[in-house]
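Please open the structure in your viewer and keep the selection tool at hand.

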Amino acid sequence: MTGEHVLRIEGLWAGVADTEILRGIDLEIRPGEVHAVMGRNGSGKSTLSHVLMGRPGYEVTAGSVTLDGVDLLGLAPWERAQAGLFLCLQHPTEVPGVSLEALLTEAARAGGRDPDTVREALVAEAERLGIDERLLERPLNVDLSGGEKKRNEALQLGVTGARYAVLDEIDSGLDVDALATVSRRIQEATDEDGLGVLAITHFSRLLEVLEPDRVHVLSQGSIRVSGGPELAEQLETEGYVGVLGDAAADEPETLVGLPHAAGFGEDPFADPLA
Ligand code: ADP
Ligand code: MG
């Protein structure tokens with residue numbers, strides 16, 4: 001323990017079987033900061049989130065990850081959660097038979113927090129996120145819309161009181177209202193509670209509400225360019241070629257124009273009439 005408050009990723013190399021995917025990632029996220037990681041499909045964004053949370057199947061071959069001085073890489077995923085890391089899943093899991101309240105009560109108990117405080121926190125958080133109280137009794141994520149599931153993720157983040165959150169494309173599959181609500185809530189957590197955020201996205205729209213302190217562009221498993229919020233705007237107007245220059249030419253994808261033209265899948269913010 002160093003007593004220092006920071007999520008620190010140093011020289012991180014990781015991959016699957018004999019394929020290296022992450023090639024030397026360095027990032028430091030301090031309490032209250034928002035770091036956006038942007039990059040084209042296949043650049044390694046989800047791998048980074050999986051490796052940080054300890055998803056089985058990935059092998060870390062070099063580097064370290066520490067959370068407020070605690071070495072995360074030696075810990076099981078649930079221990080990383082207890083240490084203060086939260087991963088907002090791109091596709092939240094449906095858990096039949098387990099309500100949100102039951103889940104969060106057990107999480108509090110396991111984490112040494114008073115389980116009797118969960119109900120109150122849950123109701124307050126649901127109100128902030130515009131979640132109908134009846135949803136709290138339902139089995140976790142079962143038969144919920146994409147937007148409701150993402151609100152649920154944000155609710156869990158708020159109630160567990162994690163210190164650092166990794167958001168893997170929290171904007172995918174969200175309608176604009178849900179996106180605004182969820183990103184506003186997370187922005188408030190950075191201001192009020194000092195939550196540190198690593199926001200993975202390929203749409204700069206998310207970053208209009210959730211204001212990044214730093215923007216990093218990932219390409220072929222390493223961060224090629226870092227900058228302030230203006231970098232996300234530059235990406236929007238110039239595409240990855242404009243930002244990465246020659247480095248973009250190394251990428252396996254051939255479509256390297258504007259984000260919406262570059263094989264990013266459906267843009268949830270596209271103007272349907274355009
Ligand atoms: P992104 O989230 O930026 O789209 P990913 O991290 O999902 O990118 O993937 C990065 C690269 O690693 C891709 O080429 C992908 O095919 C490969 N990859 C990711 N996970 C696996 C896996 N479990 N097995 C084999 N290849 C993988
Ligand atoms: Mg991904």
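Angles under 35 degrees count as roughly parallel, over 145 as roughly antiparallel, 65 to 115 as roughly perpendicular and the rest as oblique. The model is predicted: local features need pLDDT of at least 70 and side-chain atom pairs pLDDT 80 or more, while totals for chains, interfaces and linings use all residues. Residues are numbered from 1 along each chain as its sequence is written, and side-chain values use heavy atoms, without hydrogens and water.

First, select helix H5 (residues 146-160) and helix H6 (residues 176-193), whose axes lie 10 Å apart at an angle of about 10°. H5 and H6 are therefore roughly parallel to each other. Next, display the contact (heavy atoms within 4.5 Å): H5 contributes Gly147, Lys150, Arg151, Ala154 and Leu157, and H6 contributes Asp177, Ala178, Thr181, Val182 and Ile186.

Then select ligand 1 and its surroundings (residues with a heavy atom within 4 Å), which include Val16, Ile21, Arg40, Asn41 and Tyr58. Helix H1 (residues 45-53) supplies the largest share of this shell, three residues.

Finally, examine the polar contacts, pairs of N or O atoms within 3.5 Å. A polar side-chain atom of Lys45 is 2.8 Å from an oxygen atom of ligand 1. For Gly44, a polar backbone atom lies 3.0 Å from a ligand 1 oxygen atom. At Ser43, a backbone N or O atom is 3.2 Å from an oxygen atom of ligand 1.

Note on methods:
Chains are lettered from A and ligands numbered from 1 in the order in which they are written. A polar contact is a pair of N or O atoms within 3.5 Å; within protein, one must be able to donate a hydrogen and the other to accept it, and residues adjacent in sequence count only if both atoms are side-chain atoms. Helices (H or I, at least four residues) and strands (E, at least two) are DSSP runs, numbered from the N terminus. Axes are lines fitted to C-alpha atoms, for helices over the stretch in contact, and angles run from 0 to 180 degrees between N-to-C directions.
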